[in-house]
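Please look through the structure below together with its sequence, and keep both at hand while reading the report that follows.

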Amino acid sequence: MAMTSTEKAAENESNADSAADSATDLATAASPSGVERGAGVAVWLQIEQILAAEIAGQGFGDDGRLPSEAELAKRFSVNRHTIRRAMLGLAARGFVSVEQGRGTFVQPAAIDYSIGRRTRFTENLRDTTTEITHEVLVACKINTVHSADGVPLSCARSWFAAARFPDMPEVLRRLGSTTAALAEFGVNDYTRQSSRIGSVLPDAETARRLGINRQQPTLVVENIDADLDGVPIKYGITHFSGDRVQLLVEPDKDVAARKP
């Protein structure tokens, strides 16, 4: 089937762009950027490898924001299409994520979150992060957001028996730890009675608290904790950011809670 004049014009424009891009890359064959032409490895792949090494070496500052495509194109003396292909490779490998309207950022490495007989947020992350926060959001039904090094990892809703744990929201706010709050009510130890794990798309509030978009699935754990007599003390539903946390189920692992 013959092409229309519009289709021919579009094809000619695309071919011209590709030729110009190739000319840009060839004209900079002696670039001192670390990229080697004619080395048997595609230029975009070399750039991907260079940026991956810089990401591993924490070379993009505290906020993890990468330079723009135009800045990277200038740095490596290539066209923006070459940079875009390198960035797609980094995204596919989980090194970066694109935030609409903000730019491209280093993707935090996923943290193993252990689920066993004793599951404690602080103890799970103590050896992998420097700053752990626990923020009580609502008093009537306890809603919390857990963060590590300033990055939200999970948000949870928890229910406690009101007769046994009066003023639990205030106590939890004051002590900043579920384990410490329960100890104040005489529950010095507790274990995970059951965990049901699934995956769902977050509602607007959950997405806002985790700093993700609503098209990004969350890992969901519905759980019941019990005291050492087997009496349930807490029912909870926790949403984890799926790209920041890996759930590691270890039924026999016993995470000992440290005293606050």
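## The buried side of helix α4

In this predicted model, the buried residues of helix α4 are Thr82, Ile83, Ala86, Met87, Gly89 and Leu90. Around the helix axis these residues cover an arc of only 155°, which puts them on the same side of α4. The face that is turned away from this buried side carries the exposed residues Leu88 and Ala92, where exposed stands for a relative accessible area over 50% and buried for one under 20%.

## Length and ends of α4

Helix α4 runs through residues 80-92, and its 13 residues should span 18 Å at 1.5 Å a residue; the C-alpha atoms at its ends are 18 Å apart, which agrees with that expectation.

At the start of the helix, a side-chain oxygen of Asn79 comes to within 2.9 Å of the backbone nitrogen of His81. Just after the helix, Gly94 takes a positive phi of about 85°.

## How α3 and α4 pack

Helix α3, which is made up of residues 69-76, packs with α4 at an angle of about 110°, and the axes of the two helices are 9 Å apart. Angles of 65 to 115 degrees count as roughly perpendicular, and α3 and α4 are therefore roughly perpendicular to each other. On the α3 side the contact is made by Glu69, Ala70, Leu72, Ala73 and Phe76, while α4 contributes Arg80, Ile83, Arg84 and Met87. Among these, Ile83 and Met87 also belong to the buried residues of α4.

## Helix α6

Which residues of helix α6 are buried? In this helix, which covers residues 168-175, they are Met168, Pro169, Val171 and Leu172. They cover an arc of only 165° around the axis, which puts them on the same side of α6. The helix is followed by Gly176, whose phi is positive and lies near 70°.

## Asp225 in strand β8

Asp225 is found in strand β8, which is formed by residues 218-227. Is Asp225 buried or exposed? With a relative accessible area of 2%, Asp225 is buried, because buried means a value under 20%.

The side chain of Asp225 makes a polar contact with the side chain of Arg192, at 2.6 Å. When neighbours within four places in sequence are left aside, Asp225 is in contact with Tyr190, Thr191, Arg192 and Gln193, and also with Val231, Pro232, Ile233 and Lys234.

Methods: Residues are numbered from 1 along each chain as its sequence is written. This is a predicted model: local features need pLDDT of at least 70, side-chain atom pairs count only at pLDDT 80 or more; totals for chains, interfaces and linings use all residues. Side-chain values use heavy atoms; hydrogens and water are left out. Helices (H or I, at least four residues) and strands (E, at least two) are DSSP runs, numbered from the N terminus. The expected span of a helix is 1.5 Å times one less than its number of residues. Buried means under 20% relative accessible area, exposed over 50%, partly exposed in between (1.4 Å probe, protein chains only). The arc is that of the directions from the helix axis to the C-beta atoms. A polar contact is a pair of N or O atoms within 3.5 Å; within protein, one must be able to donate a hydrogen and the other to accept it, and residues adjacent in sequence count only if both atoms are side-chain atoms. Axes are lines fitted to C-alpha atoms, for helices over the stretch in contact, and angles run from 0 to 180 degrees between N-to-C directions. Angles under 35 degrees count as roughly parallel, over 145 as roughly antiparallel, 65 to 115 as roughly perpendicular and the rest as oblique. Contact means heavy atoms within 4.5 Å.
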